[in-house]
Amino acid sequence: MPRYPLYLAGRFVDAAGGQTFPTENPYTLEPWADIARAGPADVDAAVAGAQAALAGDWGRLKPAGRAALLRRLADALEHAADDLAAVETRDNGKLLAETRGQMRYLPQYVRYYAGLAETLEGRLLPMDKPDVTVFTRPEPLGVVAAITPWNSPLMLAAWKIAPALAAGNAVVLKPSEFTSASSIEFARVFDAVGFPPGVLSVLTGFGADVGAPLVAHPGVAKVAFTGGEAGGRAVYQSAARGLKAATLELGGKSPNIVFADADLDQAVKGVIAGIFAATGQTCLAGSRVLVQDSIHDAFVDRLVDFAR
């Protein structure tokens with residue numbers, strides 16, 4: 001079976017403890033790869049590497065330089081899209097049609113934030129004292145911990161990594177233990193682009209071994225988490241103890257709203273796609289339908305017929 005190492009401060013290495021764990025293909029229910037099992041020592045090394053990058057070449061790089069690297073990453077992701085999709089499908093069971101679609105969006109996300117990197121600017125503030133100038137200057141927070149779930153690993157990782165890097169931060173990514181392989185493949189693409197070592201680390205493993213010490217680490221300035229409510233609550237409490245910024249994307253009950261002037265055939269298709277895509281296992285699944293009274297019966301009849 002293939003073996004996936006950690007990506008730690010610019011190097012692909014085994015976990016400090018030498019442990020691995022299997023990842024299963026959900027279609028065959030058979031293990032297909034071994035994943036490095038990181039622990040607290042690896043967390044310390046990744047955060048130290050990120051801090052070194054911030055104090056070194058990455059921290060000295062101007063916004064235009066960050067944008068150029070992000071655009072190179074977008075081009076590389078575009079070339080690797082089909083390969084990344086194949087790994088993600090093998091590891092988490094999504095249809096190739098969906099993973100290929102997601103992988104082809106990754107370069108767009110990265111290019112968008114590359115553009116924003118070049119437009120970061122401060123403000124000159126009015127002041128009532130003569131010969132005094134007051135201005136603001138945006139500065140990176142520092143090390144960002146990004147924790148992602150199993151259902152859309154790379155898309156959700158890109159949503160966190162791209163803006164964090166555009167703003168000049170460094171990122172330590174902890175993917176779900178169920179779908180870690182594509183994150184390491186992403187790291188291979190990232191590594192070839194030429195970012196300074198430590199700008200991104202990918203630590204694969206379990207919540208207690210990696211996620212908890214990463215969120216609690218005194219060198220981490222912000223936590224970006226996508227997952228369930230129980231995990232989000234634990235992350236938020238831990239981040240609060242360190243007075244860290246935290247962004248949580250948790251599960252929800254997303255409604256579809258259908259008004260009387262809608263194209264009912266298209267609305268039905270949208271509702272079906274919203275709840276059945278990825279078998280409904282997404283944080284934006286359309287799990288409720290709110291329908292205007294005057295079209296309720298007609299809409300329900302069409303929905304039931306279409307779903308049969």
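1. G93 comes directly after helix α3 and has a positive phi, near 85 degrees. Helices here are DSSP runs of H or I with at least four residues, strands are runs of E with at least two, and both are numbered from the N terminus. The model is a predicted one, in which local features need pLDDT of at least 70 and side-chain atom pairs count only at pLDDT 80 or more, while totals for chains, interfaces and linings use all residues. Residues are numbered from 1 along each chain as its sequence is written, and side-chain values use heavy atoms, with hydrogens and water left out.

2. Helix α3 itself is not straight: α3 bends by about 60 degrees at A80, the bend being the angle between axes fitted to the seven residues ending there and the seven starting there. Its end C-alpha atoms span only 36 Å, whereas a straight helix of 30 residues would span 44 Å at 1.5 Å a residue. The expected span is 1.5 Å times one less than the number of residues.

3. Most residues other than glycine have a negative phi. L29, in the loop between β4 (20-25) and β5 (30-36), has a positive phi near 60 degrees. L243, in the loop between α8 and β12, has a positive phi of about 55 degrees. L29 is exposed at 59% relative accessibility, and L243 is exposed at 80% (buried is under 20% relative accessible area, exposed over 50%, partly exposed in between, with a 1.4 Å probe and protein chains only).

4. G242 occupies the loop between α8 (229-241) and β12 (245-249). With a relative accessible area of 42%, G242 is partly exposed. Its C-alpha atom lies 9.8 Å from that of K222, 20 residues away along the chain.

5. The largest pocket has a volume of about 530 Å³. A pocket is an open set of points on a 1 Å grid over the protein atoms alone, where a 1.4 Å probe fits, with protein on both sides within 12 Å along at least five of seven lines; lining residues have an atom within 4 Å of a point. Of its 23 lining residues, R66, P138, E139, P140 and A167 are closest to the centre. Helices α2 (57-60), α3 (63-92), α4 (96-117) and α5 (153-166) each give two or more residues to this lining.

6. The second largest pocket holds about 400 Å³ of space. It is lined by 24 residues, with P149, F225, T226, G227 and G228 nearest its centre. Helix α7 gives the most to this lining, with three residues.

Notes. Points joined across faces, edges and corners; volume = space filled by probe spheres on them.
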